[in-house]
Amino acid sequence: MSNHPFPTLDRRGFLGLTAGLSVAALAGCGTGAPAPAAGAPRAGGRLRAAFAGGGAKEVLDPHLANLFLEAARSKALYDKLADFGDDVAPRPRLAEKWEPSADLTRWRITLRAAEFHDGRPVRAQDVLASYARILDPKRAFRAKASLGLIDLPNSRAIDDRTIEFALKRPYVEFPNVLASFSAYIIPESTEDFTNPVGSGPFAFVSFQPGKSTVLKRNPRYWEGAAHLDELEFVIANEESARVNALLGGQVDYAHDLAPVTARGHQGSDKLMLVRSPNSGIQAFAMKVDRPPFDNRDLREAMFLLADRQQLVDTTLSGAGQVANDLFGKGYQHYADDIPQRVRDLDRAKWLVKKAGAEGLKVKLDTSEAASGFVEAASVFADQAREAGIEIEVAVGNKDTFWADTLKNGSLSSFRSGAMPIESHFSQRLLSKSTTNVTKWARPEFDALYDKAVSTADDAARGAVYRDMQRTLHAEGGYLIWGFADWIIGTSPKVGGVATAPANTLDWARFDKVWLA
Amino acid sequence: MKAVLRYGIGGLLVAVPLLLAVAGPLFVPDALTRGAAFGDTGPLGTDFIGRDVWHQVLLGGRTVVLVAMLATVLSYLVGVPIALLAAMTRRRWVDEVLMRPLDVLLAVPSLLVLILLASIAPRGVLTLVLIVALVNVPDVARIARAAALEIASRPALEAMRLQGETWWRTAVGYVGRSMLRTLVADLGIRLTAALYLVASASFLGVGVPPDASDWAVMVDRNQTGLFLAPEAVMAPALLIIALSVGVNLVFDRALRDRGRAWL
Amino acid sequence: MTLGHYALRRLLLGVVQVAAVATLVYLLVAALPGDAAVALAGDNPDPERIEQIRVAMGLDRPVWERFAEWLWGLTHGDFGVSIVSGRPVADFLADGLEPTLLLAGLTMLMLVPVSVLLGVASARREGGWLDRVVTTTAVGLHAIPEFTLAIVLIALFGVQLAWLPPTAVGTDGDLLAEPAVLVLPLIVLLARPICSISRLVRAAMIDAAASDYARHARRLGLSARRVRYAHALPNAVAPAVQQMARTTDWLLGGVVVVEAVFVIPGLGTILVDAVAGRDLPVIQGLAVLFAVTTVLVNLVADVVAFRLAPRAVT
C-alpha cells in the first residue's frame, strides 16, 4: 500500500469497514506479544502517539467514532461491554459474564464493578441508556445496525449490575454485538462531550480538534491503572510526517506505516516496527447478479488467473500474506482446511473459453479510497490480460467510492478491516445485508446463516460456518487475494505494544504500554 | 565557439528531456516486467509497484511535456490578448468587463479549483491541460496587463497615437513587442509551474491516476522509497529540473541576442 | 481620480467579487459527486443509514434553500456551522488562520528583500556569471516539487543531522512556541516564489535600464546608480508587485503540501478535509475568506504599484 500521503484524502482510512461489530479481550490478558527492547514495565511518562486525523471535524462523542484515531481515543476514554481478541472472538470487558436463555433470545449480562472518571459507578441503567441513544430512530450512529436486533423496550435492568437483554430473534453471537465498533458505554443522559466522562483507562484533560488530545491515567481503572501518566494523541495525516516525527523524537508511537517505510527501516535502531498480521483484507469484488460475473465459470477463472504472490509482493511490498478467497484468516471459525488456491493460467483460459468470455472487456472500478487500490488494480489488469480478459481500470472519486461501488459496476476494488466472520456474513452476504457489494443473495446461504446463529454448540456452529465458506470459496464474488500486515512504528523506549489486528482490543491500546 | 558552448548548455538541458519524452516510448518493450517494489531489477531499479524505473522514465516524459507546453501556450493565447485589449482600450468598461471576471477566478485558490474541477471533470490529459491553463490565465493576464500599461504610458506610445498609427500596430507592434521580455521571463517560470501543478495534483490524488507513467507523478509516488531506491525519484526529478533550467537559459539567451539586435 | 476614490471603488467591486466567488464555489461543490452523508458513511455505505445521516444533516432540503439561508446568515456575519461536526465555521477559520497568517507573513517578510535584491543584482550584467548562477539556482529550485524539497530537507536536517525538528507535530498550531519548527517550512515556501519574483524584477530592470526615460535621465547627467535605484527600480518592481500579490494570495490560500508534510494545521488542511467530507458550509466559509484576502491583497498591490509607477495603473 502506498502511502502517500495525502492525508486528507485517501490515506486516512475510515476504519475498516465495518460497522459493526465487534469486540473484546479478556482483561489483562493482553494477548499480543509485546515488542522487545524496552525492558520491564515501568510507570510514568507521557506518550505521544501520532495518528492520521479527521481534521477540525473530529468529535469526542464515542458513538460517532469513525476514524482509527477516534476509535483509539474512544478506547482510552471508554469501555464496551465486550471487545474482540486477536482471533476476533468476543472477550468480556465491562460485562463480567453473559448467559443466554436456552432459546437464545434473552441474555443476562453481569457488569463488573467499575466506575466512571467522576466516581459514579457504571450501572445497568447507563448501559441501557447508551444503547438507547445509539438506537434512537432519529439518529444515525454507526453501531445502530449491529444493535438493531435488541428489543429494547423488553430489555431491563434487573439490578444495578445486571441487565437482561431481549432479542428480536435467537442469536448466539450476541457478544459480537456487545463488542460492536463504537458501542461504548457512557453515563446515562450524556449529550455534551466537551468534557467527556467514561470508564476507560485514561481520563480527559484537553482536546483541540484536528490537533491533539491529552488524557491522563485513571488510577481507579477496573483492570488496573495504566503505566503511563499521560497519553497524548497528535495528528499527522501524512505517513511520511508520522515517520519523520518518530525519527526526530517528536512522537513515541506512529500508527499505520507503509510497508515500504517498514522495509526501509527494518533493523534500524531508531525505530521499532510492530506488525500485526491478518489486519487488512484485500480483495476484488465481483457482482454475481449481473453479467459478466453472473457466470460461475468466469468467476472461477478470475480466481485462478490471479497471481496472489505478485499482488502481495508489489502492492503490499511483501508486508502481508496471500489469501484464499476467504475472509478472516486466523479468526475464529476460519476454514483453514480448504487448500490454498494457486494460479493456474491454463485452466483459467479454459474456463474463460467455456464461459464464452474470450476477449471480454470489463471495467474495474477503483479509486484512492484506500492506499494501494489503484496499484493493485493495475497489477491485476496485467495478470488478467494473460488469460485473455481485458480489464479497464477506471479510477473513480475516492470520497464516494464505497457508495458508488455498492450499487454500480460489476467489478471493484475492496478492502476490509477485521471483524468476526459471522459479521462479515451478516453485513455483506445475506439477501438482506445492507452492504452487499457482491450481491450474493441465496436463500440456502441465508438459511445456513440462520441455522448457525441459532446453534448454541460451538463445534456444530463452526461446522456450519465452514460449509458456508466452502461455498464462497468455490463460487463467491469476493476474490480475496491478500491479508495486509498492520504496521506500527514506535521509538525503542516504548514497551508493551501488542501485535493485534486493527479494530481489535489490543490494537492501539495504551494502558498496557510503558515508556522505558 | 564560446557562444556555441553557452547556448549549448541550455540547449543540451532542454534537448535531453525533450528527446526522451518524444522518442522514449518507442524504446519500451510491449510486455512490461514487474518485480518487487523498489527492487534492483533494471538499470534504475523498480518503482513503487515494481515496474522498471527506466521504462517509466522513457514513457513518462510525453504527458509532462505535453501538459506543461499545451497548458502554458493555451494560457498565453487566452491571457495576453485579453491583457492587451484591457490595457490599450480607452473605454474603462471594456477593461472592467475583461478583467473583473478574471479577478473572480483569481480569488478562488488554484488548489480549490484543482480539487473541485478534477473531481468533477473526466480524468485525462486534456482535462489537466484545461485546468492548468485555467488556473494560469488570470495570472498571465494580470502580469501582461501591468506590463502593457507601463509601456502604454511611455511617451513613445503617445507619439504613435498622435501620428495616427492604427490600434493594431501600436498594440501588437509596439506594446506587444516591448512586453516580450517580461512575458518570456514569466513564461519560463510558468512552464515549470505547470509541471509542478501536475505533481501537486498527483500528491492530492486528483486528476491523474496514481500509477500514471509521468515524471511528475513518479517523483511524487516514488518518494516513499526515497531511501530504498533514490533513483526512482532522482531520475525523473533531474529530468524535470533540466527541462526547466534549460528552457529558461535558452529563453534568456535568445532574448539577449535579440535585445542586442534591437539596440 | 484620486487614490482614495480608486480604493473605494475597488472595495465595492470587491464585495461583488466575493459574492461571485461564493456562488461559483457553491455551484462547483454542489456538482461534486456525493454529499456529506455519503462521504461520512465511507466504507459502510448502508443506504438506509446514509439517508438518515442526510436527514440529520438537513441535506434533504433543496440546495438553493440552504444556499440562500447561508447567504442570509453571511450578511449578518454568521458563517454557519459545519454540517459534519456542528462546530461553528468561524471556529474552523480562526483555528486555521493563525498558522497560515504566520507562515505567509514570515515568508513575505523574507521573500521581498531577497528576491528584489537577486533580481537587481543579476540584471546588472545580463548574462554575467552572477546572472547565470542566480538564474540556474532559482529555476532549479523552482522546478523541484515542494514535497520533494521538503522530504529531502527533512531527511537531511531533521532526521540525519537532527539540527532542526522534522515536523511541527505537537505544537498544536502555536508555532511561535517553538520557532525552530518554522525554519524548514519557510525554506520550502521561499524556494519557488524567490525564483518567479527575482526573474520578473530582473527582466523589468533590464527593460527599464534600456528604456527611453532611463537613457534620457542619463543624458541629463544623473549617475548610473541614481538612475538604476531611484528611477528604474520602482518602475521595474511594479510588475513584480502583481506577482508578489499572487504569492501572498497563494500563501494565504492554504499551502496544503507544506502543511501536510510538516504537520501544520493551517487553512489548506482544513480545505482539503472539508472537500473530502463535502462539508459545504466550511468550504463556503473558506472560499469567502480566500476571496476577501485576494481582493484586499490585490487592492494593496495595485495601490503600491500606483505609488511606484503612477501612470501604470488607471
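Reply: Chain A puts 26 residues in contact with 20 residues of chain B. Contact means that the C-beta atoms of two residues, placed from the backbone, lie within 7 Å. This is a predicted model, where local features need pLDDT of at least 70 and side-chain atom pairs count only at pLDDT 80 or more, while totals for chains, interfaces and linings use all residues. Residues are numbered from 1 along each chain as its sequence is written, and chains are lettered from A and ligands numbered from 1 in the order in which they are written.

Which helices face chain B? On chain A, α1 (7-11), α7 (259-265), α9 (308-315) and α11 (373-386) each supply at least two residues. Helices (H or I, at least four residues) and strands (E, at least two) are DSSP runs, numbered from the N terminus. The largest share, five residues, comes from α11(A). By class, this side of chain A has seven nonpolar, 12 polar and seven charged residues. Here Ala, Val, Leu, Ile, Met, Phe, Trp, Tyr, Cys and Pro count as nonpolar, Asp, Glu, Lys and Arg as charged, and the others, Gly among them, as polar.

Helix α11(A) also leads inward. The buried residues of α8(A) pack against it, and against β12 (272-286), α10 (345-354), α15 (458-475) and β17 (478-490) of chain A. Buried means 20 or more other C-beta atoms within 10 Å of the residue's own, exposed 12 or fewer, and partly exposed in between, with C-beta atoms placed from the backbone. Seven of the 10 residues of α8 (296-305) of chain A are buried, so this helix is largely enclosed by the rest of the structure. Among them are A:Leu298, A:Arg299 and A:Phe303.

Now the whole chain. The domain assignment, which is automatic or from a database, gives domain 1 (31-199 + 491-515) and domain 2 (278-485) of chain A. In domain 1, 14 residues are in contact with 18 residues of domain 2. That side of domain 1 has nine nonpolar, three polar and two charged residues.

Chain A also holds an open sheet of four strands. Its order is β4-β5-β7-β6, with antiparallel pairing. Two strands pair if DSSP finds at least two bridges between them. Strands β4 (95-100) and β6 (156-159) of chain A stand at the edges with a single partner each, so one side of each has no neighbour in the sheet. Five bridges join β4(A) to β5 (106-111) of chain A. There, A:Ala95 stands opposite A:Leu111.

UniProt positions use the numbering given here, feature names are shortened, and annotations may be inferred rather than shown by experiment. Over residues 90-420, chain A is 26% helix and 24% strand, and the end C-alpha atoms are 9 Å apart.

Finally, the other chains. Chain B has 51 residues in contact with 58 residues of chain C. On the chain B side, α7(B) gives the most, with 11 residues. That side divides into 31 nonpolar, nine polar and 11 charged residues. In chain C, the UniProt annotation "transmembrane region" (unreviewed entry) covers stretches including 12-32 and 282-301. Residues 12-32 of chain C are 95% helix, with end C-alpha atoms 31 Å apart. Residues 282-301 of chain C are 100% helix, and there the ends are 28 Å apart.
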